[in-house]
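Me: Hi! Could you walk me through this one while I look at it?

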Amino acid sequence: MEGNMDNVSIDSLILKLHDVNAVKFGDYKLKSGMMTPIYIDLRVLVSHPALMNQVSSLIYHRVQEQGLQFDSVCGVPYTAMPLATIICSRHELPMLIRRKEAKDYGTRRMVEGLFQEGDICLIIEDTVTSGTSILETAEVLYKEGLKVTDAVVLMDREQGGVEMLASQGIRLHPIISMFKLINVLLAGERIHAETAHKVRKFITENNTFSPKVGNGNSAPETKKPCGDPNAELSYAARAKLPGVHPLASKLLRIMVEKESNLCLSADVTSSEELLQLADSLGPQICMLKTHVDILTDYTAAFSQSLQALAEKHNFLIFEDRKFADIGNTVRDQYEGGLYQISSWSHIVNAHAVPGPSVVKGLSSVGKPLGRGCLLIAQMSSQGSLATGAYTKTVVKMAEDEMDFVIGFICGSKISTRPEFIHMTPGVQMQAGGDVLGQQYTTPEEVIYSRGSDVIIVGRGILKAPDRLKAAEAYRMSGWKAYTKRLGESSQ
C-alpha cells in the first residue's frame with residue numbers, strides 16, 4: 001500500500017470486517033474468562049483473501065511508518081500466522097514459526113526457522129486484550145536467545161494490553177482501536193447508539209492491567225506520598241483511573257507516548273495552510289485546536305483530510321467553538337449546519353453561562369460518538385469575568401456531567417479531581433500581553449507553578465521564522481515543566 005494509512009482505508013476495512021462477521025455483538029467469553037459484549041473473530045479472514053491482503057498491507061504500512069528495526073517476523077499462532085506469512089512473502093522478510101507445543105520427534109524445536117542469538121523478532125498479532133498472547137510468544141522467543149522490542153496488532157481492545165506489554169519492554173503498535181471501531185460502525189449505521197454505549201462502558205470499566213509493586217518485571221509504581229490524597233499522579237496513572245472519560249484517557253496516553261502536552265492553536269484562514277501545519281507539526285503535538293469558522297475555503301473534504309492527519313500523527317482535534325446558547329440550539333450547531341463539527345472534532349468547548357442545558361444539548365450529540373467537552377472556567381484575556389464564584393460553578397457543573405465533560409479551559413488548576421484535564425491558552429516563552437488584552441504566560445509557569453496539564457500555543461509558533469523548531473521548543477519546555485512537577489511531588 002502506498003501513501004498514508006488514512007482514515008478512509010481503516011474505515012473501509014472496519015466496515016468490511018463487519019460485513020464478514022469478524023465483529024460480533026452479544027455475550028461472549030474471552031480467553032481470559034471475561035464476558036464481553038463485543039467479540040473480534042479474525043479467524044474468518046482466511047476465507048476472504050482480498051481482505052487478508054488488505055489487513056496485511058495495513059500492518060506492513062504501520063511497520064514502515066514507525067520505522068521498526070528487526071531481523072525476522074513471527075505471527076502469534078494461529079490467526080496471525082497467515083498474516084505474517086503474506087507480509088514476509090510479499091516483502092521477502094525472514095519469518096519464524098512459533099509452535100504451541102514441541103513435537104516428540106525430529107528437532108523438537110519450539111521455534112522453526114533460521115536465526116542467530118541476539119536477533120530481533122517483530123511479533124504480529126490479530127487482536128489484543130490483555131497482551132498475554134504476545135507475551136507468551138515473546139517468552140518462547142526469549143528462550144531461544146531472540147529479542148523482542150515491538151509488536152504490531154490489527155485490533156487493540158484498549159483494555160490494558162498496550163500498558164502491560166510496555167511494562168515488559170515491548171512497544172505495541174495498533175492499527176485499529178476499539179473506540180475507533182465503534183465510532184465507524186455507529187457512523188455507518190451498523191449498530192445502535194445503545195450498543196455503542198454498552199461497549200464503550202464495558203471497555204472503560206474492564207482494564208486488565210494493574211501495575212504491580214516489588215516485581216522487577218512489572219510496571220513502576222506511581223510515586224505518591226503516603227496519606228496525601230492530593231499528591232500528583234502521572235499522566236499515565238490518571239489515564240487508568242476508573243472514573244476517567246475514555247477520551248480524556250486517550251489524550252493522556254497520547255501525551256505520555258509522544259512526551260508532549262502541547263496543543264497547537266492553528267488560527268489560520270486557509271484550509272491548505274491548516275493541513276500543512278497539522279502534517280508538519282503533528283508529531284510534536286497532542287492536540288490541534290481549530291477555529292473552523294475563520295476558514296475562508298472550508299469544505300467537507302478538509303475535515304476528512306484533517307481527521308486522516310490526526311490519525312496519522314496521533315493527535316486529537318479540538319474545535320474551539322465556545323458554544324453558549326440553549327440546549328436545542330447548541331445541539332443543532334454541533335451536529336448540523338455547514339461545519340457538522342460533531343462528525344470530525346474529538347473535543348469542543350462551551351461557556352457555562354446558559355447553565356447545564358448547554359452541556360446536555362451538546363452531550364445528546366457528542367456522547368454517542370465518544371466525543372468530549374471542555375468547559376470554559378477562566379480566560380486569558382485581560383478583564384475576563386470568568387473568575388471566583390463563576391469558576392466554582394463551572395467546576396460543579398463539570399462534576400455533574402463527567403460522562404461528557406473531560407476538563408476545563410482555565411488559567412490554572414481549578415479542580416483536585418485527577419480525571420479532569422486542565423488546558424491553558426495564552427502561552428508564550430516570554431510573559432506579557434498584546435494591545436488587544438491577551439495575557440501571555442510561560443510553559444514553566446502554566447504547567448509547573450499553576451498545575452495545568454496542557455499548554456495551548458498559537459502565535460508563539462505561528463509567528464516564528466521556523467515553526468517546526470518553535471513547536472519542538474514548546475513541546476520540550478512543557479514536558480520538562482511536567483516532569484519537574486511530577487518529580488517534586490514524589491519526593
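Predicted model: local features only at pLDDT ≥ 70, side-chain atom pairs only at ≥ 80, totals over all residues.

Reply: Happy to. Residues are numbered from 1 along each chain as its sequence is written, and side-chain values use heavy atoms, leaving out hydrogens and water.

Me: How many disulfides are there?
Reply: Zero, counting pairs of cysteine sulfur atoms within 2.5 Å. For Cys88, the nearest cysteine sulfur belongs to Cys121, 8.8 Å away.

Me: And Cys410, buried or exposed?
Reply: Buried, with a relative accessible area of 1%.

Me: Switching to the sheet: what's the strand order?
Reply: β5-β4-β3-β6-β7-β8, an open sheet with mixed pairing. Strands are DSSP runs of E, at least two residues, and helices are runs of H or I, at least four, numbered from the N terminus; two strands pair if DSSP finds at least two bridges between them.

Me: Which strands are at the edges?
Reply: β5 (111–112) and β8 (171–177), each pairing on one side only.

Me: How do β6 and β7 run?
Reply: They run parallel, joined by five bridges; Val128 has Asp156 in β7 as its bridge partner.

Me: Last one, what follows α2?
Reply: Gly67, with a positive phi near 65°. Helix α2 itself covers residues 49–66, and its buried residues include Leu51, Tyr60 and Arg62.

Conventions:
Expected span 1.5 Å × (residues − 1). Buried < 20%, exposed > 50% of the residue type's maximum accessible area, 1.4 Å probe, protein only.
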